[in-house]
Number of protein chains: 4
Amino acid sequence: MKHNGNIIEDLKIAYIGGGSRGWAWSLMGDLALSGDLSGEVMLYDVDFEAAKKNERIGNSLNSSFSYKAAETLREALSGADFTIISITPGTLDDMASDVHAPEKYGIYQSVGDTTGPGGLFRALRAVPMFEAFALAIKEYCPGSWVINYTNPMSLCVRTLYKVFPGIKAFGCCHEVFKTQETLARLAAERFGTDAIPRREVKMTVTGLNHFTWVTEASWKGRDLMPLYREYCRSVMSSPPKPIIRDESFSVFACQDRVKADLFLRYNAAAAAGDRHLAEFCPGRWYLESPEAAEGWGFTLTPVSWRRSDMKARLEKSEAYLSGRSRFEIRASGEEGVEQMRALLGLGDLITNVNLPNVGQVPNLPLGAVVETNALFASGKLSPVFSGAVASNILPLIAPVSARQELTVEACLRRDLGLAFSAFVADPLMTVSLKDAEKLFDEMRSNISPYLREYK
Amino acid sequence: MKHNGNIIEDLKIAYIGGGSRGWAWSLMGDLALSGDLSGEVMLYDVDFEAAKKNERIGNSLNSSFSYKAAETLREALSGADFTIISITPGTLDDMASDVHAPEKYGIYQSVGDTTGPGGLFRALRAVPMFEAFALAIKEYCPGSWVINYTNPMSLCVRTLYKVFPGIKAFGCCHEVFKTQETLARLAAERFGTDAIPRREVKMTVTGLNHFTWVTEASWKGRDLMPLYREYCRSVMSSPPKPIIRDESFSVFACQDRVKADLFLRYNAAAAAGDRHLAEFCPGRWYLESPEAAEGWGFTLTPVSWRRSDMKARLEKSEAYLSGRSRFEIRASGEEGVEQMRALLGLGDLITNVNLPNVGQVPNLPLGAVVETNALFASGKLSPVFSGAVASNILPLIAPVSARQELTVEACLRRDLGLAFSAFVADPLMTVSLKDAEKLFDEMRSNISPYLREYK
Amino acid sequence: MKHNGNIIEDLKIAYIGGGSRGWAWSLMGDLALSGDLSGEVMLYDVDFEAAKKNERIGNSLNSSFSYKAAETLREALSGADFTIISITPGTLDDMASDVHAPEKYGIYQSVGDTTGPGGLFRALRAVPMFEAFALAIKEYCPGSWVINYTNPMSLCVRTLYKVFPGIKAFGCCHEVFKTQETLARLAAERFGTDAIPRREVKMTVTGLNHFTWVTEASWKGRDLMPLYREYCRSVMSSPPKPIIRDESFSVFACQDRVKADLFLRYNAAAAAGDRHLAEFCPGRWYLESPEAAEGWGFTLTPVSWRRSDMKARLEKSEAYLSGRSRFEIRASGEEGVEQMRALLGLGDLITNVNLPNVGQVPNLPLGAVVETNALFASGKLSPVFSGAVASNILPLIAPVSARQELTVEACLRRDLGLAFSAFVADPLMTVSLKDAEKLFDEMRSNISPYLREYK
Amino acid sequence: MKHNGNIIEDLKIAYIGGGSRGWAWSLMGDLALSGDLSGEVMLYDVDFEAAKKNERIGNSLNSSFSYKAAETLREALSGADFTIISITPGTLDDMASDVHAPEKYGIYQSVGDTTGPGGLFRALRAVPMFEAFALAIKEYCPGSWVINYTNPMSLCVRTLYKVFPGIKAFGCCHEVFKTQETLARLAAERFGTDAIPRREVKMTVTGLNHFTWVTEASWKGRDLMPLYREYCRSVMSSPPKPIIRDESFSVFACQDRVKADLFLRYNAAAAAGDRHLAEFCPGRWYLESPEAAEGWGFTLTPVSWRRSDMKARLEKSEAYLSGRSRFEIRASGEEGVEQMRALLGLGDLITNVNLPNVGQVPNLPLGAVVETNALFASGKLSPVFSGAVASNILPLIAPVSARQELTVEACLRRDLGLAFSAFVADPLMTVSLKDAEKLFDEMRSNISPYLREYK
């Protein structure tokens, strides 16, 4: 990396999971649009062919960045200024076990990659991978900034820090932005202005990834919480819209009913998609059954959908490669490149990220990964003090942190006994101890190739 | 109070709940056996007649203490060196609501006075009473030592400290002693000695009242945890004994199966009766149904039993008063009088008590009431550092503390909304939000006379 | 206050100490230059005439703000959106005692308003005044933002929070800006650019007011600490310039030799004027004698200078009022108005301010007022996590915090015994206990009218 | 080690510094008097001949313990149940530098082994030795209890824990016992009883070794602090007794004037010998000169005295070995053997020891070694919560902790720059920076053979 006036050249970015047909393409677009950065992106993937294909796609763009598939982590990481980690820990078959195996016990998960039995088993696979990444980063690029997009977010970031405490890592997630956009829309309506960019809405963010809470929000000094309260009331004043699986249907859609219900109960805005929020609550609240979920205006995301989505992405990839289709450069809405720019000194940025708790959330455990605002400024990332989790919400959040800490310990020690303790304490586990043991065994057996080191 | 050589005279003890037909009699016996104390016990009770009767019973004993029923808290407390609080917050009808109202929703409680929906509603009644006690103690005897025996223990003690931070209060519970006795018995068997007094077993105690954990135990330098592990294995190696409701039946009996199951899962000894422990675990574990509980070797304690027990106690009281029966002075096994002696400087005592956390359990919230060993020594009660709750147990305990803090706040603010947040987050609440709301309303309505200040 | 598009109208600013001939005029200029704010400034001063004169001066400017002298705190504060406190706690005679009384004991102070014997006695006068301000703010404008400029800064801000914990106060000081400017200059020289605005230099700021440390600094991603090290080495490589008291002489001037010496010893940049830094160090380091100070390139600030400076200011005031001289509107370099704008939602601001420690400096006591960066953003002021004070600096800073906490307690309890404990523990107090007692008595006697409530 | 009824046999005790002619003999006597322990003591010393001689002396006693000089740490430690460390880190020539080199700069130390310039240089020698001990203990007897008697106490114990966090070490010092004895004597006088054993006086102990504070004291429920206040007043009401260096003179004697002065200033009893207390206070308080010290009723302890004392001890050793003199078995007054017995389960013990802070002193840094009461009970040593250091004392104690932490870091990193930062921040260092540097260089040069690894 070198400075040339206000331009930064020869930037080296390592991308772990660089064969991805989603985040990798977003990054390509955002980098192509960044006027003041140039350099090289090393694409590393366990599927080297996929990385190779992305190398070709990336290099076909009109961009100041070149792309190169790396055969080893060492090659990818050596000299990296930034390291991006965006992997799928396991196959869609593995994920089918995570998401669907519990269903025969009446345990439904709307996503299954963050918490609940699915999140736990995904962690059993992911944490050892992140352990290896952390060791490789320590060896090959200890000063690199590391941006993680992989779920389970908190557990992956926590692993990086436990294995290499000197790492400069953080985790990014766009879920909170949607609440920020809602607030921006409400403000624009109320104050009769043009569309307000979401960044103009200032929020106090606290909690854990996918179970994040906005406790204060304002726009140019105007308190937006009363508007949000009105919005939540209006959401709940009409019945849920029926789910119609026509061409406009999206598995990610929600009607904000979980958010509205939580806001009206807890007086703070849970800021993630309803599908994610539901999974952190006791199993009988929003996920008693697929029908119950639909009654709350959202649907479960079956792995079959992910399979067909993946198929579409692969086709898109082939279309790009064959020239049948043209990669359109556009802003992804993700913040990764802006965060890089801020860390490089090209303008301050304040946004919510996942970092170990050094006191920014004083009533969650020190060291646990929390999601709050942080200041990105010229070589430094500093959490912003976000205040204690409110006493009425703490009974829901404190155990999540405790389970996450236990889960990472279980994974790093390769200890299935500890993992079961985390598994069975999850509020989605509305079953008997006996059934919990059966389900655990079954899920363990489904992904046994990953668990050889576990005892 | 005055010293006369090694004798302490003119001690003044206030007893709130002094009409009791249980604890009050235990105290009378223990005081009569204490050779080096003398003085007066003021009996205060909302049922003044009951206090009057106990006055007569107390004064009929061969004791260096005299007894006097007090008509007001002021009269009882003024000048007290010690204040004992042992009340029933509400009637057995109220308790019937606490314990049995949830059953129609499939929520079973084995005791119903500590946690779960019953514990919460008992707290809604008890906390305002304890608020009044704390204010009266602050006014009339701020330097008095205050010993609480009332459940919900943690919430009552927490209230005393929140309302009067300078109070010198602690909460006592004998549940842990039973595990200590089991350990003493196992040690005597293994090491071929005579019966070992439970006090000789040294334990590290940590956690919350009725969900207390023994993490280390030894006798004369010999580690007892391996013996306890063997014991738990042997308990689980045979099927539960069938419950037979003959004359030998006791509602308090248990077969240590919950304790054994927890020990084998968590590698630490949960030290309270199985009936209590079961209530802190997710509802499907040990309390799915009355039959399931019996499968774990214990029974639910119906309020009907308490009614007939109370009838027997009242008859016993009348028999004492009429001379038909003679009050037999004997050691109760409770530690109250020994604690008083130690605080008066007549010998150190180390035992487990409930106190606000000043760091004795470093990973539970400061201020929350925890149960650990403490040193009683001549005018001073000091918690002994007990170590962090183990990471595998923390997901079960952390939310209990969070709910208890929330519950006390809800009660002191008379806020039923906050109370509902605590109610619905309880792991015994295996029902939908809608059913939780219905149950809450019903239980609220059942005890509405106590809740007039609540909104 | 009301929003009118991007303009904020009817802002109400209360100014305690509004008769000032320094800060008040700076504010007038900065407000006149702020394009998007308008409203009224209420000037309160114990010297009502002085406030009256400033009212006339303020209203003579071409500004969207009007000025009004208030006869009571109540009148000034009622409805205030912002409250500025910039007072002199006592007269210049009082300050002469603070600064010069210790000299006959060989104790020299270069400023005497922050720490050392002078800072302590200034606090004995100021804290009760700030206690009154806090109570008035709680009563008349509890939601007002409160900006303090008065020294002793940490003690004044700490008092506001101790007396009214809900206050929204912070303390501002420009001392750190000078180090930021030095860094900007060094960066411009090294990187061959035009002058760099100090704000572009990003710093990690930690410590206590006037004893603040910059532990990291960068400009557009370039680490500036090596440049600063070179600078410090070059400062120390040449002998101090002799102090010549000609017309170019300034009592505030320094040659950065104390800063350079501290940097080279501690590997972190002490960021305040040398005059301030010297006072926090043991008395024999930089302040053994006036000559020793000059050997370090700075001079003591005698109160005689303040008297003649005040005379000049009074003349300037009269000149403004009579029209003999024209008030020139220009930016003061202070940040108060920018901070207001950020709090009103008109653009984020990150700068160093004095706030109670909620963990932004994890190894200083919680609650103690520390100086770190904070984020000002639309209705919210949030400290930025700044990291622990380095272990080699902590022996110098930890006792300052401890003495400050003790001093505020001594003042709020009006307890001269506690005040003496703080006094005698100061590292400038290089005298015997007997002499310390004599000096304390003498200084106490000098300002006795302020100490009537003290015992 | 094995249990045989209530007797513990085959105990293995390692003694590092086992050639000592003081503590080692105390231990021999105490072990000979212990009725229920038997086993072997391994004597390790860098002076193997000295250990050999003690082997002969030990084996000549009528004792259930045998003694054996060990040639290596490995031999001494392997299989040890207890490890005692009581060494002199360096020679008396080294100590002459520690104590006397500073005198030419007007810096006087009454002991010079704990704090001040002498304590620091002693630490520079001792910490690397303790680093080696900790590593050896980790290797050869990781489960051993480790009792340290070596000064600088806090720094030696801190080193053991930093190097081997799992160590079971504590530090013992008898200084506090003397204040306990004074309190016992005052109580016996006031309450007209026979001599009261010091153990019956219950105290709250808090602070740092040799700068320990008793904040509460009682005997059988009677508050003794008022008696101590009277005592201190009476001490100060008469002039100091002149120091006469006749045969009754002891270098350790003091008139409690420093203790009395501190008590009357701080309202808490500093509990160590006046010689130790004086060294923690600013240099001008009690140690301005040897004459000033005598005016406070105590004398400096010159190394010349230590030389002649050592000579007498060596003669005593020879007399024992030749049979000219008989080793008299008697209780030493030290608590080591009682602590062992308690840890072995033969009776609880509560006494003050030095341990890393886990919260027993909540306003000193976690991890720093503090001195408070702790409970010794059957395999477990648990600190007793002792309360925060009072706000008026904290400015004296907080910097001691900060310097101690820095000193251990400096020693473990072999960094003389950091060591100088600790050195120059000591309140005994009443000199200029230039003189501090000269003194540091001189002391460094005096003990340079120990500092080869330092940079």
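In chain A, the mean position of the 50 positive charges and that of the 54 negative charges lie 1 Å apart. The model is a predicted one, and the values reported here are computed from it.

Chain A contains 17 helices and 14 strands. Along the principal axes, its C-alpha atoms occupy a box of roughly 60 × 55 × 45 Å. The radius of gyration of chain A is 22 Å, which agrees with the value near 23 Å that a compact globule of 455 residues would have.

Burial and surface were examined next. Of the 455 residues in chain A, 64% are classed as buried, that is, with under 20% relative accessible area. The accessible surface of the chain amounts to about 16300 Å², and carbon and sulfur atoms account for 50% of this area. Contacts within chain A were also considered by sequence separation.

Chain C is superposed on chain A by a rotation of 180 degrees, with 0.0 Å of shift along the rotation axis and an RMSD of 0.0 Å. The two chains are therefore related as by a two-fold axis. Within chain C, Val384(C) has the C-alpha nearest this axis, at 2.2 Å from it. Both copies use the same surface, since 100% of the contact residues of chain C recur in chain A.

How values were computed:
Residues numbered from 1 in each chain as written. Chains lettered and ligands numbered in written order. Predicted model: local features only at pLDDT ≥ 70, side-chain atom pairs only at ≥ 80, totals over all residues. Heavy atoms only, no water. Least-squares fit on C-alpha atoms with pLDDT ≥ 70 in both. Contact = heavy atoms within 4.5 Å. Helix = DSSP H or I, 4+ residues; strand = E, 2+ residues; numbered from the N terminus. Rg over C-alpha atoms; globule rule 2.2 N^0.38 Å. Buried < 20%, exposed > 50% of the residue type's maximum accessible area, 1.4 Å probe, protein only. Areas by Shrake-Rupley, 256 points an atom, 1.4 Å probe, with all protein chains shown as cover. Lys, Arg positive; Asp, Glu negative; His and termini not counted. Charge placed at Lys NZ, Arg CZ, Asp CG, Glu CD.
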